[in-house]
Every structure is written in C-alpha cells, then in structure tokens.
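Let's look at how this chain is put together.

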Amino acid sequence: MASAAFSAKSDAIVTIERHILEQQRFHPEATGVLTSLLYDLALAGKMVTSQMARAGLAQILGKTGDINVQGEQVMKLDELADETIYLVNDHTGRLAVMASEEHKEIIPIPERFSPGKYVLLFDPLDGSSNIDYNAGVGTIFAIYQRVSPENTPGTMQDCLQPGHKMVAAGYIVYGAATMFVYTTGQGVHGFTLDPSIGEFLLSHDNIRIPAQPTYYSVNQGYFTRWSPGVQKFTQHLQNMTSETKTISMRYVGSLVVDFHRTLLAGGIFYYPADVSKPEGKLRLTYEANPLAFIAENAGGYASNGHERILDIIPNSLHQRTALYIGNRELVKEAEDYIQKFG
Ligand code: P6P
C-alpha cells in the first residue's frame, strides 16, 4: 500500500528540475545546458527571496544613494538581486554574455571562464520603487542563443536580437509567495516556492490566459497625457461587460505583478506612450520582450500599439517601448483604436 501511496504522492510533487528535464524531451537537440541555465535562475530566485525576507531585519531597505543608468535611485535590494544573478551565472560556461537593467553596457563573461552558447538579459528587480511599501516586485529574464562566433566573447549584437528569436523567458514574482514562471516555447508553467524545503513545486501547469477578461490594468493617472485613441480605448474598457459584469481595474505599479495577474485572471495590461514619455516607459529587451514571449505562449499577444512586440528589431539595450499585453482580442482592439483615433 505504501508504494501505491508513494507513487500517487510522487505524481503530485513536480520540482522545477523534473519539469524542465521533462520539457527537454521537446528539444531533441537539447544538451541540457538550457535546463541547467533555467535551474540556475531558479536558484537565484531562492537567494533573492531569502535576501528580501531579511531586508526588513538587515535594514538593507532604503536607497544606496547611487543612481543607475535609468537615472533612478538604486535600492540596495536592486543591487543584491543584480549581483546574485550575475554570480550564479558568470562561471557556468553556459553564457556568452549578459545584460542587465542595472548596467549601461553588456556584461562580459570573465576571461577565466569559457563563453557558452546562450545570452541572458534580465531586469533583476523590477518594480523596486515599491519595495519600501512591501508591494510585490519581480525578476524578468530572456534567453537567446548567441549569434556571434563560438568561443569568442559575446557581443552587443547577441543582446539586440528580436524577441521572436528567444529560446526561453520567465519571471520570478516575489509576493505573498515566490513564484517562478517560465516557457521554452512549450507552454507556460508556474512553480511556487515551498520555503520549508527550498524547492519550487509545480503549481500552475500549462497556463493559458482565460478567454474571458477579468481586469484591465493601466495607470489612469496619466489619462490626460494619452493620445485620443488610448483614451477612447480605455473608455471602451470601462463600458465593457464580460459575462454580464463589467471588468474591473487593477494596477499595482509593478510590471511583473500586474502582468502575472493578467496572465492568470485574463484581461489586458498596458503602459502607453504619452506626451511626457513618447517612447513609453518600459524597456523592450528585458521587460516587454520576455513577457511578450510568455504571453504568446499562453495564447495571448503583445504589441507596442502598432506592431507585434516580438517583431521589433532592438537598436539599443535600454530602449523603451509602449506595451499592450494580455488577451489577444483586447490588444488587437487597442491597436484598432490607436490606428483609428491616433
Ligand atoms: P508608473 C516600476 O517602476 C515600473 O518600471 C514597472 O514595474 C511598472 O509597470 C511601471 O514602472 C509603473 O510606472 O508610471 O505607473 O508608476
């Protein structure tokens, strides 16, 4: 009986390692390097979770006084997350180059380590301005295969590939629980950290954006700065009913949290361009692109209001973009309103 109980129980416990290994079956050419890279990122997620849990105690909240390339105050946790992801990945021989929101230029792999075949772009702790208010924050990552010659240092061109070239993407959301959500192009899968055993366990297998939208998510404080098309689209959403009830508005102001809710509950998140931010605020390479790759693998879509996010050819590491992401129909409606009304 015990064995039967055990086998039933073992089916219920899918660690991230087991799941990524099982996913590897879909990639016959896989050498296991991508699996190990994803596992490294899960480890970084555990370490950041631990650092955040100690933040209140270790008084590492508050600002370092430094200013990052975005001209923003750098929170100490920002630096810790950035350093953690770097140190987990710099020596593994899996990466040719890295790029981070916290670094103006690409981050080379130290010469003493052989360069690998993958490229990692990441936002180490997005939404960090919310840390002091204990609102959720997140890590976002995008993984590509290098395009520069093997056994040479990775290049900026490796980091400026269009999103449709991505081989994997994911995010880690540090909220009431820590969740690791990733895709390698074979569906989107979510894992919840069980701190008592220090493992991410499968909790959301094959996430699909619900057909019925529940929330729209935008900072309506900027309404007067938007173009007429965006204003009319927002008013359209406010008058929309979904299964005889209007859809609600939710906005945390932390991209990963707002996107995660959109992915699970259905709806649309958008950060439009506006008169004060004509290029938008969010970053293409390590925010919009990975989330767009995830959204499309969950049956959704992501646009800059005019074209598919994953088709945009980046021309600089930190370039900004407008972002409309979530249910395909709603994102397409946003494009229609912008095309019709400007
Ligand atoms: P606003 C956080 O600072 C961030 O970069 C994203 O996480 C979030 O979606 C956005 O900015 C919020 O910006 O202008 O609404 O405060």
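Q: In β19, which residue is the bridge partner of A302?
A: This is a predicted model, where local features need pLDDT of at least 70, side-chain atom pairs count only at pLDDT 80 or more, and totals for chains, interfaces and linings use all residues. Residues are numbered from 1 along each chain as its sequence is written, and side-chain values use heavy atoms, without hydrogens and water. Strands are DSSP runs of E, at least two residues, numbered from the N terminus. The partner of A302 in β19 is I325.

Q: How many bridges join β17 to β19?
A: Two strands pair if DSSP finds at least two bridges between them. β17 and β19 (residues 323–326) run antiparallel. The number of bridges joining them is three.

Q: Which strands stand at the edges of the sheet?
A: The open sheet has five strands in the order β14-β11-β15-β19-β17, with mixed pairing. Two of them have a single partner strand each, so one side of each is left without a neighbour in the sheet. These edge strands are β14 (248–249) and β17 (301–303).

Q: How many residues of domain 2 are in contact with domain 1?
A: The chain is divided into domain 1 (13–204) and domain 2 (215–341), with bounds from an automatic or database domain assignment. Contact means heavy atoms within 4.5 Å. Domain 1 brings 46 residues, and the count for domain 2 is 31.

Q: How many salt bridges cross the interface of domain 1 and domain 2?
A: A salt bridge needs a side-chain nitrogen of Lys or Arg within 4 Å of a carboxyl oxygen of Asp or Glu. Across this interface, the rule finds zero.

Note on methods:
Helix = DSSP H or I, 4+ residues; strand = E, 2+ residues; numbered from the N terminus.
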